[in-house]
Amino acid sequence: MQTVFSTVLPDVPAAAVIWLALLALAAVVVAALVVRPARFRAVFGERISDAARPSSIDRAEQDRERTRERARYADEVSVAASRATVTAERRRAEWLAAQDEAEAAWLACQAAEEDVRRLAAAAALPLPRTARTPAEYADRERWLHRAALDAQWRKEISVRQLSDILGGRGWDPSRHPVEQELLLRRLVRDNLLARQRAASEREQAAWRAAETAAAAARSLREEAFAALHPVVEPQAALSIVGFAGPESTRELPTATPVAETTRELTPVARGRAAVPAY
(Lines give C-alpha, C1' and ligand atoms only; values in the text may rest on other atoms or scores of the structure.)
Protein backbone atom coordinates (compact mmCIF):
# COMPACT_ATOMS: atom_id res chain seq x y z
CA MET A 1 0.00 0.00 0.00
CA GLN A 2 2.84 2.38 0.83
CA THR A 3 4.33 1.60 -2.53
CA VAL A 4 1.16 2.72 -4.37
CA PHE A 5 0.92 5.99 -2.42
CA SER A 6 4.58 6.59 -2.95
CA THR A 7 3.96 6.26 -6.72
CA VAL A 8 0.81 8.46 -6.99
CA LEU A 9 1.55 11.21 -4.50
CA PRO A 10 4.46 12.80 -6.39
CA ASP A 11 2.12 13.43 -9.44
CA VAL A 12 -0.67 15.10 -7.43
CA PRO A 13 0.96 18.57 -7.25
CA ALA A 14 1.52 18.59 -11.03
CA ALA A 15 -2.09 17.60 -11.75
CA ALA A 16 -3.35 20.21 -9.33
CA VAL A 17 -1.26 22.87 -11.05
CA ILE A 18 -2.69 21.86 -14.46
CA TRP A 19 -6.27 21.99 -13.22
CA LEU A 20 -5.70 25.33 -11.56
CA ALA A 21 -4.24 26.70 -14.80
CA LEU A 22 -7.25 25.47 -16.79
CA LEU A 23 -9.66 26.97 -14.27
CA ALA A 24 -7.79 30.28 -14.38
CA LEU A 25 -7.90 30.32 -18.18
CA ALA A 26 -11.64 29.60 -18.16
CA ALA A 27 -12.21 32.36 -15.63
CA VAL A 28 -10.26 34.82 -17.79
CA VAL A 29 -12.30 33.89 -20.88
CA VAL A 30 -15.59 34.22 -19.02
CA ALA A 31 -14.54 37.56 -17.55
CA ALA A 32 -13.49 38.81 -20.98
CA LEU A 33 -16.85 37.75 -22.47
CA VAL A 34 -18.65 39.56 -19.70
CA VAL A 35 -16.54 42.73 -19.90
CA ARG A 36 -16.04 42.98 -23.75
CA PRO A 37 -18.76 40.86 -25.39
CA ALA A 38 -18.98 42.90 -28.62
CA ARG A 39 -15.33 42.35 -29.54
CA PHE A 40 -15.54 38.60 -29.17
CA ARG A 41 -18.84 38.44 -30.98
CA ALA A 42 -17.31 40.28 -33.93
CA VAL A 43 -14.26 38.03 -34.00
CA PHE A 44 -16.18 34.80 -33.70
CA GLY A 45 -18.92 36.07 -36.04
CA GLU A 46 -16.40 36.87 -38.77
CA ARG A 47 -14.76 33.48 -38.40
CA ILE A 48 -18.07 31.62 -38.52
CA SER A 49 -19.26 33.75 -41.47
CA ASP A 50 -16.04 33.11 -43.35
CA ALA A 51 -16.36 29.40 -42.69
CA ALA A 52 -20.00 29.38 -43.82
CA ARG A 53 -19.40 31.31 -47.04
CA PRO A 54 -18.50 29.31 -50.14
CA SER A 55 -14.97 29.46 -51.40
CA SER A 56 -13.93 31.71 -54.28
CA ILE A 57 -13.82 28.73 -56.68
CA ASP A 58 -17.35 27.72 -55.73
CA ARG A 59 -18.58 31.28 -56.08
CA ALA A 60 -16.98 31.62 -59.50
CA GLU A 61 -18.57 28.37 -60.67
CA GLN A 62 -21.94 29.44 -59.32
CA ASP A 63 -21.62 32.82 -61.05
CA ARG A 64 -20.78 31.13 -64.37
CA GLU A 65 -23.73 28.76 -64.03
CA ARG A 66 -26.09 31.63 -63.21
CA THR A 67 -24.75 33.59 -66.19
CA ARG A 68 -25.35 30.66 -68.53
CA GLU A 69 -28.87 30.13 -67.20
CA ARG A 70 -29.63 33.84 -67.48
CA ALA A 71 -28.33 34.02 -71.06
CA ARG A 72 -30.35 30.96 -72.07
CA TYR A 73 -33.49 32.35 -70.47
CA ALA A 74 -32.89 35.75 -72.09
CA ASP A 75 -32.58 34.08 -75.52
CA GLU A 76 -35.84 32.21 -75.04
CA VAL A 77 -37.66 35.35 -73.90
CA SER A 78 -36.16 37.35 -76.80
CA VAL A 79 -37.48 34.81 -79.30
CA ALA A 80 -40.90 34.93 -77.65
CA ALA A 81 -40.80 38.74 -77.71
CA SER A 82 -39.97 38.74 -81.43
CA ARG A 83 -42.90 36.45 -82.17
CA ALA A 84 -45.19 38.55 -80.01
CA THR A 85 -44.07 41.67 -81.87
CA VAL A 86 -44.93 40.06 -85.22
CA THR A 87 -48.32 39.06 -83.81
CA ALA A 88 -48.89 42.61 -82.54
CA GLU A 89 -48.09 44.04 -85.97
CA ARG A 90 -50.53 41.62 -87.62
CA ARG A 91 -53.24 42.42 -85.10
CA ARG A 92 -52.72 46.14 -85.67
CA ALA A 93 -53.01 45.69 -89.44
CA GLU A 94 -56.23 43.72 -88.93
CA TRP A 95 -57.56 46.46 -86.68
CA LEU A 96 -56.77 49.17 -89.24
CA ALA A 97 -58.52 47.16 -91.95
CA ALA A 98 -61.55 46.68 -89.69
CA GLN A 99 -61.55 50.41 -88.94
CA ASP A 100 -61.55 51.24 -92.64
CA GLU A 101 -64.42 48.81 -93.18
CA ALA A 102 -66.42 50.36 -90.34
CA GLU A 103 -65.84 53.87 -91.69
CA ALA A 104 -66.91 52.83 -95.19
CA ALA A 105 -70.06 51.18 -93.80
CA TRP A 106 -70.85 54.34 -91.83
CA LEU A 107 -70.49 56.56 -94.90
CA ALA A 108 -72.71 54.22 -96.94
CA CYS A 109 -75.31 54.25 -94.17
CA GLN A 110 -75.25 58.05 -94.08
CA ALA A 111 -75.72 58.20 -97.87
CA ALA A 112 -78.66 55.78 -97.68
CA GLU A 113 -80.26 57.86 -94.93
CA GLU A 114 -79.93 60.96 -97.11
CA ASP A 115 -81.63 59.13 -100.00
CA VAL A 116 -84.49 58.11 -97.73
CA ARG A 117 -84.99 61.70 -96.55
CA ARG A 118 -84.95 63.00 -100.12
CA LEU A 119 -87.45 60.40 -101.38
CA ALA A 120 -89.69 60.89 -98.33
CA ALA A 121 -89.90 64.59 -99.14
CA ALA A 122 -90.68 63.75 -102.78
CA ALA A 123 -93.35 61.20 -101.83
CA ALA A 124 -95.10 63.81 -99.68
CA LEU A 125 -95.93 65.79 -102.84
CA PRO A 126 -98.97 64.88 -104.93
CA LEU A 127 -98.08 61.99 -107.25
CA PRO A 128 -98.71 62.48 -110.99
CA ARG A 129 -101.83 60.83 -112.26
CA THR A 130 -101.33 58.05 -114.80
CA ALA A 131 -103.74 55.80 -116.63
CA ARG A 132 -104.44 52.66 -114.62
CA THR A 133 -104.00 50.21 -117.48
CA PRO A 134 -102.40 46.74 -117.62
CA ALA A 135 -99.51 48.25 -119.59
CA GLU A 136 -98.91 50.83 -116.82
CA TYR A 137 -98.92 48.14 -114.15
CA ALA A 138 -96.55 46.02 -116.23
CA ASP A 139 -94.18 49.00 -116.55
CA ARG A 140 -94.27 49.58 -112.80
CA GLU A 141 -93.52 45.91 -112.14
CA ARG A 142 -90.61 45.91 -114.61
CA TRP A 143 -89.21 49.07 -112.97
CA LEU A 144 -89.43 47.49 -109.50
CA HIS A 145 -87.72 44.30 -110.63
CA ARG A 146 -84.96 46.21 -112.40
CA ALA A 147 -84.35 48.45 -109.35
CA ALA A 148 -84.25 45.39 -107.06
CA LEU A 149 -81.78 43.60 -109.34
CA ASP A 150 -79.53 46.68 -109.39
CA ALA A 151 -79.66 46.92 -105.58
CA GLN A 152 -78.77 43.26 -105.20
CA TRP A 153 -75.91 43.63 -107.71
CA ARG A 154 -74.55 46.46 -105.53
CA LYS A 155 -74.86 44.11 -102.49
CA GLU A 156 -77.38 46.45 -100.89
CA ILE A 157 -80.04 43.75 -100.44
CA SER A 158 -79.76 40.01 -99.95
CA VAL A 159 -80.74 37.26 -102.39
CA ARG A 160 -83.65 36.33 -100.18
CA GLN A 161 -84.96 39.89 -100.20
CA LEU A 162 -84.60 39.99 -103.99
CA SER A 163 -86.59 36.76 -104.22
CA ASP A 164 -89.36 38.29 -102.07
CA ILE A 165 -89.52 41.35 -104.32
CA LEU A 166 -89.59 39.33 -107.53
CA GLY A 167 -92.19 36.97 -106.10
CA GLY A 168 -94.40 39.77 -104.81
CA ARG A 169 -94.15 38.60 -101.19
CA GLY A 170 -94.75 41.77 -99.16
CA TRP A 171 -94.41 44.00 -102.22
CA ASP A 172 -97.15 45.48 -104.42
CA PRO A 173 -95.85 46.01 -107.97
CA SER A 174 -98.87 48.16 -108.85
CA ARG A 175 -97.79 51.05 -106.59
CA HIS A 176 -96.25 54.20 -108.01
CA PRO A 177 -92.47 54.03 -108.72
CA VAL A 178 -91.82 56.89 -106.30
CA GLU A 179 -93.40 54.91 -103.48
CA GLN A 180 -91.62 51.74 -104.58
CA GLU A 181 -88.26 53.50 -104.62
CA LEU A 182 -88.87 54.92 -101.15
CA LEU A 183 -89.68 51.47 -99.77
CA LEU A 184 -86.65 50.00 -101.52
CA ARG A 185 -84.35 52.75 -100.19
CA ARG A 186 -85.60 52.16 -96.66
CA LEU A 187 -84.83 48.47 -97.01
CA VAL A 188 -81.33 49.31 -98.26
CA ARG A 189 -80.84 51.75 -95.39
CA ASP A 190 -81.81 49.13 -92.80
CA ASN A 191 -79.44 46.61 -94.37
CA LEU A 192 -76.55 49.06 -94.40
CA LEU A 193 -77.25 50.06 -90.81
CA ALA A 194 -77.07 46.42 -89.70
CA ARG A 195 -73.81 46.00 -91.62
CA GLN A 196 -72.40 49.13 -90.02
CA ARG A 197 -73.19 47.82 -86.55
CA ALA A 198 -71.56 44.48 -87.34
CA ALA A 199 -68.50 46.23 -88.77
CA SER A 200 -68.27 48.40 -85.65
CA GLU A 201 -68.35 45.30 -83.43
CA ARG A 202 -65.62 43.67 -85.52
CA GLU A 203 -63.54 46.84 -85.27
CA GLN A 204 -63.94 46.88 -81.48
CA ALA A 205 -62.89 43.22 -81.22
CA ALA A 206 -59.89 43.82 -83.49
CA TRP A 207 -58.89 46.85 -81.41
CA ARG A 208 -59.01 44.82 -78.18
CA ALA A 209 -56.96 42.04 -79.78
CA ALA A 210 -54.38 44.57 -80.99
CA GLU A 211 -54.16 46.14 -77.52
CA THR A 212 -53.67 42.72 -75.90
CA ALA A 213 -50.99 41.70 -78.41
CA ALA A 214 -49.15 45.01 -77.98
CA ALA A 215 -49.18 44.66 -74.18
CA ALA A 216 -47.88 41.07 -74.41
CA ALA A 217 -45.05 42.09 -76.74
CA ARG A 218 -44.11 45.00 -74.49
CA SER A 219 -44.10 42.77 -71.40
CA LEU A 220 -41.89 40.17 -73.07
CA ARG A 221 -39.41 42.81 -74.21
CA GLU A 222 -39.19 44.19 -70.68
CA GLU A 223 -38.68 40.68 -69.32
CA ALA A 224 -35.92 40.00 -71.86
CA PHE A 225 -34.18 43.25 -70.92
CA ALA A 226 -34.44 42.39 -67.22
CA ALA A 227 -32.95 38.95 -67.90
CA LEU A 228 -29.99 40.45 -69.76
CA HIS A 229 -29.44 43.23 -67.18
CA PRO A 230 -30.24 41.76 -63.76
CA VAL A 231 -30.23 43.90 -60.65
CA VAL A 232 -27.39 42.79 -58.34
CA GLU A 233 -28.60 42.52 -54.79
CA PRO A 234 -26.05 42.74 -51.93
CA GLN A 235 -25.61 39.54 -49.92
CA ALA A 236 -26.40 39.94 -46.27
CA ALA A 237 -23.79 38.66 -43.81
CA LEU A 238 -24.63 35.87 -41.37
CA SER A 239 -26.09 37.12 -38.12
CA ILE A 240 -24.31 35.75 -35.04
CA VAL A 241 -26.07 35.34 -31.72
CA GLY A 242 -24.25 37.01 -28.82
CA PHE A 243 -22.39 34.75 -26.44
CA ALA A 244 -22.86 36.93 -23.37
CA GLY A 245 -26.58 36.36 -23.19
CA PRO A 246 -29.52 37.86 -25.00
CA GLU A 247 -29.13 41.52 -25.82
CA SER A 248 -31.77 44.06 -25.14
CA THR A 249 -33.87 44.29 -28.26
CA ARG A 250 -34.37 47.67 -29.81
CA GLU A 251 -37.74 48.36 -31.31
CA LEU A 252 -37.59 49.35 -34.94
CA PRO A 253 -39.25 52.66 -35.73
CA THR A 254 -42.64 52.09 -37.20
CA ALA A 255 -42.79 53.11 -40.82
CA THR A 256 -45.09 55.95 -41.60
CA PRO A 257 -47.96 54.64 -43.68
CA VAL A 258 -47.53 55.85 -47.20
CA ALA A 259 -50.62 56.49 -49.20
CA GLU A 260 -50.69 54.32 -52.25
CA THR A 261 -50.51 56.35 -55.41
CA THR A 262 -53.04 55.10 -57.87
CA ARG A 263 -52.15 55.74 -61.47
CA GLU A 264 -55.17 56.40 -63.55
CA LEU A 265 -55.02 54.89 -66.99
CA THR A 266 -55.30 57.40 -69.79
CA PRO A 267 -58.16 56.48 -72.08
CA VAL A 268 -56.91 55.13 -75.36
CA ALA A 269 -57.58 57.40 -78.28
CA ARG A 270 -59.62 55.84 -80.99
CA GLY A 271 -57.74 56.34 -84.21
CA ARG A 272 -54.83 55.00 -86.21
CA ALA A 273 -52.41 56.03 -83.47
CA ALA A 274 -54.31 54.21 -80.71
CA VAL A 275 -52.30 50.96 -81.02
CA PRO A 276 -48.55 51.64 -81.39
CA ALA A 277 -46.87 50.22 -84.45
CA TYR A 278 -43.92 47.86 -84.01
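**Figure 1. Contacts across the whole chain.** Take the contacts (heavy atoms within 4.5 Å) between residues at least 6 apart in sequence: 82% of them join residues at least 24 apart. This is a predicted model, where local features need pLDDT of at least 70 and side-chain atom pairs count only at pLDDT 80 or more, while totals for chains, interfaces and linings use all residues. Residues are numbered from 1 along each chain as its sequence is written, and side-chain values use heavy atoms, with hydrogens and water left out. The protein has seven helices and zero strands, so you can read it along the sequence as α-α-α-α-α-α-α (helices, H or I, of at least four residues and strands, E, of at least two are DSSP runs, numbered from the N terminus). Of the 278 residues, 21% are buried, that is, under 20% relative accessible area, with exposed being over 50% and partly exposed in between (1.4 Å probe, protein chains only).

**Figure 2. How confident is the predictor, and where?** The score here is pLDDT, the predictor's confidence in each residue, from 0 to 100. The protein averages 75, and 67% of the residues score at least 70. Confidence is highest in helix 7 (residues 177-228), with a mean of 90, and lowest in helix 1 (residues 2-8), at 52. Over residues 236-273 the pLDDT stays under 50, and the model has 29 contacts beyond four places in sequence for that stretch.

**Figure 3. Helix 5 meets helix 6.** Two packed helices are described by the angle between their axes and the distance between the axes. For helix 5 (residues 134-153) and helix 6 (residues 159-167), the axes come within 10 Å and cross at roughly 175°. (Axes are lines fitted to C-alpha atoms, for helices over the stretch in contact, and angles run from 0 to 180 degrees between N-to-C directions.) The pair is therefore roughly antiparallel; the label goes to angles over 145 degrees, with under 35 roughly parallel, 65 to 115 roughly perpendicular and the rest oblique. On the helix 5 side, look for Leu 144, His 145, Ala 148, Leu 149 and Gln 152, which meet Val 159, Leu 162, Ile 165 and Leu 166 of helix 6. By class, that's seven nonpolar, two polar and no charged residues (Ala, Val, Leu, Ile, Met, Phe, Trp, Tyr, Cys and Pro count as nonpolar, Asp, Glu, Lys and Arg as charged, and the others, Gly among them, as polar).

**Figure 4. Helix 5 meets helix 7.** These two pack at about 20°, with their axes 10 Å apart, which makes helix 5 roughly parallel to helix 7. Helix 5 brings Arg 140, Trp 143, Leu 144, Ala 147, Ala 148 and Ala 151 to the contact, and helix 7 brings Pro 177, Gln 180, Glu 181, Leu 184, Arg 185 and Val 188. Sorted by class, you get eight nonpolar, one polar and three charged residues.

**Figure 5. Lys 155 in its loop.** Most residues other than glycine have a negative phi. Lys 155 is not a glycine, yet its phi is positive, at about 65°. You'll find Lys 155 in the loop between helix 5 and helix 6, where it counts as exposed because its relative accessibility is 56%.

**Figure 6. Glu 223 and its partners from elsewhere in the chain.** Glu 223 sits in helix 7 and, at 32% relative accessibility, counts as partly exposed. Which residues is Glu 223 in contact with, leaving aside its neighbours within four places in sequence? They are Tyr 73 and Val 77. Val 77 is 146 residues away along the chain, but the C-alpha atoms of Glu 223 and Val 77 are separated by 7.1 Å.
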